[in-house]
Amino acid sequence: MPAFPSKLPFGAFLAYAPRGSSTASKTSRDVAYAIKQDSTLRFTQGGAPAAVRVIDYAAKRIGEELRNHPFLNDYFNPSVTLIPVPRSSPTQPGTLWPSLRICQALIAQGLCGNVKTSLQRTKPVQKSAFAAPGQRPEPADHYDTVEVAPADLFTAPQAITLIDDVVTRGSTFVGLYQRLREAFPAVPIRCFAVVRTVSPGEVASILDPVQGTITLSGSGLHRQP
Amino acid sequence: MSYRTLTPEELLGPLNEVEQKHAPKALYVAGDTSILHEGARVSIVGARKASREGLRRAAKLASLLAQRGIVVVSGLAEGIDTSAHESAIKHGGRTIAVLGTPLDQVYPKKNAELQHTIIRDHLAVSQYPLGYPVQPKNFPLRNRTMALLSDATVIIEATDTSGSLHQGWEALRLGRLLFVTKSVAENPALTWPEQMLHYGARVLSDESLEGFFDLLPVRMTEGLDAGIPF
């Protein structure tokens, strides 16, 4: 069993309540869905219909919020190589990869140096959203089903930000952080999700940049906030 | 019958690059296109020669979706498709038929009344212009379009050569939710469920059903006059 970190800092930009019933919470579901699907949020403004590609818009907003939330500069700066979290199952060529799309959108905003698809899923891991509490994938499940691309093992980036679309408990980040830590022992590695889940409960504001901690202990994973 | 010709982007909004790859150039639509803005859309698809249990599962799932305001999408084919459409209508829900024929033709003929009802009260979509010849190759292409129109696809039952499998693979490529029923996943005579589960399909069971509903979009913003919410 690898030595997973007991405390892992993470960053997130938006909040989403999967089971909330308020207007803001229901809207947050649409935002999270649009990010996971690389799709459009349709809305009306002044009575006129409009649409926005949410991943591209979120990347733009992250750039705009760097000044208001200085911690974001640790995750996004020209020295950082972005590595997208792979999908939870192996994929065939041409399959939608939301985390890679997020990385590309952040690069297009000039927020980071480059993106490398260094992590590859070799076996499916059960998706946490569908699993009963006792069956949710643990960090070891993510660690065991992902490999670092051999071609990327010989050139260590200056700094890494691991990018995911949504963080729920943080199991993915803990498992994949350890994979990257073993491959690049001397490189600073940070974890960032565009959206963090708020469950149970409601979101007051979808825009809610935070830096928090994922704690791994004998009682399991705990993410704060 | 009145109908409109729209591009997929006019109907659904801007498409991403993965969606654009297999999207038809035009869609011919008859009925109420506002259904597309009313909530999540879930395809229920499967065998034409379905088992009695399969038909019942399709009807049950369609009723659960209808009760939650989720639009039931299917292909108007015999068997599972027919059961899904009829159950959605019976339970007061909305339904979309994605046809393998042009709008002015019906297959199978015995679904003429159902197609008429859907055009009158719901929505029918075809990627084939009026008068286009009906050929077997139209139907799997129709299934890819159905995947594009749907937030999630559920395959109720299907053989290893079923047209529904085209939809399953397309749903996975698009990154959409794909479910197969437990009875299908556990059928040792079939090879496709294991392949699709490897690439991200999930098993639909009583336990996973609520989690499934939670992952679907609400399409809340389309009813708000509030701009981009962040």
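Which residues are linked with B:Glu17 in a network of salt bridges? Select A:Asp38, A:Arg53, A:Asp56 and A:Arg101 along with B:Glu17, and you have the network on screen. Keep in mind throughout that this is a predicted model.

**Stop 1: where the chains meet**

Draw the distance between B:Glu17 and A:Arg53: the closest N and O atoms are 3.5 Å apart, and the two residues form a salt bridge. Across the interface of chain B and chain A there are 2 salt bridges. Polar contacts between the chains come to 20 residue pairs, both residues at pLDDT 80 or more.

Now colour chain B by element. Six elements each supply at least two residues of the side that touches chain A: helix H1 (8-12), helix H2 (17-22), helix H7 (164-174), strand S8 (177-181), helix H9 (192-198) and helix H10 (206-215) of chain B. H10(B) gives the largest share, 7 residues. By type, this side of chain B divides into 24 nonpolar, 10 polar and 11 charged residues.

Next, show the whole contact. Chain B puts in 45 residues and chain A puts in 47 residues. Together the two chains bury about 3,800 Å², with 56% of it on carbon and sulfur atoms. Pick out B:Arg202, B:Asp214 and B:Phe230: they supply 21% of the area that chain B buries against chain A, more than any other three residues.

**Stop 2: a salt bridge within chain B**

Select B:Glu210 and B:Arg68. They form a salt bridge, with the closest N and O atoms 3.0 Å apart. B:Glu210 sits in helix H10 of chain B, while B:Arg68 is in the loop between H3 and S4 of chain B, so the pair links parts of the chain that lie 142 residues apart.

**Stop 3: helix H4 of chain B**

Go to residues 80-90 of chain B. This is helix H4, and it is largely enclosed by the rest of the structure, because 8 of its 11 residues are buried. Show the side chains of B:Ile80, B:Asp81, B:Thr82, B:Ser83, B:Ala84, B:His85, B:Ser87 and B:Ala88: these are the buried ones. What do they pack against? Show strand S3 (41-45), helix H3 (52-67), strand S4 (71-74), S5 and H5 of chain B. Then move past the end of the helix to B:Gly92, where phi is positive, near 80 degrees.

**Stop 4: B:Asn111**

B:Asn111 is in the loop between strand S5 (95-99) and helix H5 (112-121) of chain B. Its relative accessible area is 5%, so B:Asn111 is buried. Display its contacts beyond four places in sequence: B:Leu76, B:Ala77, B:Glu78, B:Thr82 and B:Val106. One of these deserves a distance label. A polar atom of the B:Asn111 side chain lies 2.9 Å from the backbone oxygen of B:Leu76.

**Stop 5: the sheet of chain A**

Switch to chain A and show its strands. An open, mixed sheet of 7 strands runs in the order S5-S4-S8-S9-S1-S10-S11. Its edges are strand S5 (114-115) and strand S11 (220-224), each pairing on one side only. Zoom in on S10 (residues 207-217) and S11 of chain A, which run antiparallel and are joined by 5 bridges. For a landmark, find A:Thr213, which stands opposite A:Gln224 in S11(A).

**Stop 6: two salt bridges in chain A**

Select A:Asp208 and A:Arg196. Their side chains meet in a salt bridge at 2.5 Å, N to O. A:Asp208 is in strand S10 and A:Arg196 in strand S9 (residues 189-197) of chain A, 12 residues apart. A:Asp208 is partly exposed at 28%, whereas A:Arg196 is buried at 6%.

Then select A:Arg169 and A:Glu138, another salt bridge, at 3.6 Å, N to O. Both are loop residues, 31 residues apart: A:Arg169 lies between strand S8 (159-167) and helix H6 (171-183), A:Glu138 between strand S6 (119-121) and helix H5 (139-144) of chain A. A:Arg169 is buried at 18%, and A:Glu138 is partly exposed at 31%. Over all chains, the structure holds 19 salt bridges.

**Last stop: A:Ala32**

Finish in helix H1 (residues 23-36) of chain A, at A:Ala32. At 1% relative accessibility, A:Ala32 counts as buried. Leaving aside neighbours within four places in sequence, A:Ala32 is in contact with A:Tyr16 and A:Val195.

Note on methods. Residues numbered from 1 in each chain as written. Chains lettered and ligands numbered in written order. Predicted model: local features only at pLDDT ≥ 70, side-chain atom pairs only at ≥ 80, totals over all residues. Heavy atoms only, no water. Contact = heavy atoms within 4.5 Å. Buried area = accessible area lost by both parts, 1.4 Å probe. Salt bridge = Lys/Arg side-chain N within 4 Å of Asp/Glu carboxyl O. Polar contact = N/O pair within 3.5 Å; in protein donor to acceptor, adjacent residues only side chain to side chain. Helix = DSSP H or I, 4+ residues; strand = E, 2+ residues; numbered from the N terminus. Nonpolar A, V, L, I, M, F, W, Y, C, P; charged D, E, K, R; others polar. Buried < 20%, exposed > 50% of the residue type's maximum accessible area, 1.4 Å probe, protein only. Pairing = 2+ DSSP bridges.
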